[in-house]
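Let's take a walk through this model, one piece of packing at a time.

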Amino acid sequence: MPKLTTQLKTPHQVLKMSRAALLVSVALAGGLAGCAIGPNYQRAPMDLPEQYPSAVTIDTSLPENVKAIPQKWWTVFNDPVLNQMQEEALAENQDLIKAAAAVDEAAAQARIARNGLLPSLSTSNAAQRGNTSNEVYGSTPTVSTYTVGANLSWELDVWGKLRRSNEAGRASYLASRYARDAAQLSLTAQVAQTYFQLRAYDAALTVSNSTVKGREQSLNLQRRRFEEGYLSKFEVAQAEAELASAQLSAQQQALAIQNTETALGILLGRSPRLLLQNNPRGASIEQLSAIKTEDPADLPSNLLLRRPDVVSAEQQLIAADANIGVARAAYFPSISLSGNLGSQSLALSNLFSGPAAAWSFVSNIAAPIFNFGTTQAQVKIANARQQQALASYQKAIQVAFKDVYDGLNSNSSNKQQLQTVRQQRNAAQEALKLVRLRYDAGYSGYFEVLDAERNAYSTELALINIQLAQLNAQVNLFKALGGGWQIN
């Protein structure tokens, strides 16, 4: 692309023409300063439901500034061990450390984009000593030259390219920051659910070990009765099979505990040596599931829009919108001003004297002429990326509403299921107690006792599983609402 550069010989001409160039450039900048090429971001309309299930109402008003509010939601479970694990994970988890570093990188990039709006000042200082060829110029003296100068350059943001770039840089930084918040929310949810899973395995292992002990006693009794001639070998073999089944369950649960311990250690950011250490235990799964949490009511939709993943997606869309303006600005000329002020002398002692002063002013206009459609292709790329970002933002909102919808349903359903399974467990234990009395009195056979034992054992495990499901549903609802449903 051609460049127009002003280079004059006399001070009078320099002063006259530099003033003219400066006035033209400033006039252009002032006339177009309010214009920034490219679309201005406007939040896309969203088809929001009037209400959620369970009579949770929706306020469709959208705030201008949405900020993710971090909350230590896990403290509602009143477990000091869980609280300590969350603090450890927030400080040591490697994925979170990586996300924080990405935020630092985005902040630096945003600062670079912001600095593009400001003038650039640099200095140049040189000392030179040399001689020319005697073969060409004859005998010439050795000359020393000393130069001190300062250079000021500034690109006029006539078309708003730099402002759009600054806008995109800031939005990218915010997207990165909210992506870190989303990673933090996801991490704390994973830590809580993994800890709950560990406590569920602990409870299941306790039940299995108790069942193994009871079946060992039952097997010993059946063997004595077999030896006394009251039972056949078939009943003894059945008792042995039931004992082996309970032992297998206990072994599987012990392995699951070990694997969950190491998985939890990774989430907490522990070193390989510390992964081998057992994690401390706090409240039991029974105590954790007994914690009562209030169901959300009159839930406004703007609470969902503070979800960090939704805000991050919107900031990415804002950045993509701004980058369209950056790409379109390449169609128009780029105007820059530069000036140099300094002094030059053959003697160091005269470097700062009046005659040694030197200065220059240059106004440069670089205009595109023909580049085989590269600029047009860059604009198409920017528009395509904006469409991708828009689709991602709309998908994030869809997923957010689905998460809350599913979370509310699961939370309500699991509470009902928990009551049902408790009743089932209590009935199974009562049935086992009665059938043992009947067996001891000779009114029931041994296989009726085995069926009652299996039923009681399975309902104990079912109760643990539904308690775990209830806790996971509560965590998922906290996560779906961006850390809780309290409106701050």
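Which residues in α3 meet which residues in α5? Keep in mind as you look that this is a predicted model. On the α3 side you'll find L96, A99, A100, A102, V103, A106, A107, A110, A113 and R114, and they meet S165, N166, G169, R170, S172, Y173, S176, R177, R180, A183, Q184 and L187 in α5. Sorted by type, the residues of this contact come out as 12 nonpolar, 6 polar and 4 charged.

Now for the geometry. Helix α3 covers residues 94-115, and its axis sits 8 Å from that of α5, at an angle of about 170°. Angles over 145 degrees count as roughly antiparallel, so that is the label for α3 and α5.

Zoom in on V191: setting aside neighbours within four places in sequence, it is in contact with M85, Q86, A89, L264, L267 and L268.

One backbone detail to finish. Most residues other than glycine have a negative phi. N78, in the loop between β3 (56-57) and α2, has a positive one, near 55°. Is N78 buried or exposed? It's exposed, with a relative accessible area of 58%.

Methods: Residues numbered from 1 in each chain as written. Predicted model: local features only at pLDDT ≥ 70, side-chain atom pairs only at ≥ 80, totals over all residues. Heavy atoms only, no water. Contact = heavy atoms within 4.5 Å. Helix = DSSP H or I, 4+ residues; strand = E, 2+ residues; numbered from the N terminus. Buried < 20%, exposed > 50% of the residue type's maximum accessible area, 1.4 Å probe, protein only. Axes fitted to C-alpha atoms, helices over the stretch in contact; angles between N-to-C directions. Parallel < 35°, antiparallel > 145°, perpendicular 65-115°, else oblique. Nonpolar A, V, L, I, M, F, W, Y, C, P; charged D, E, K, R; others polar.
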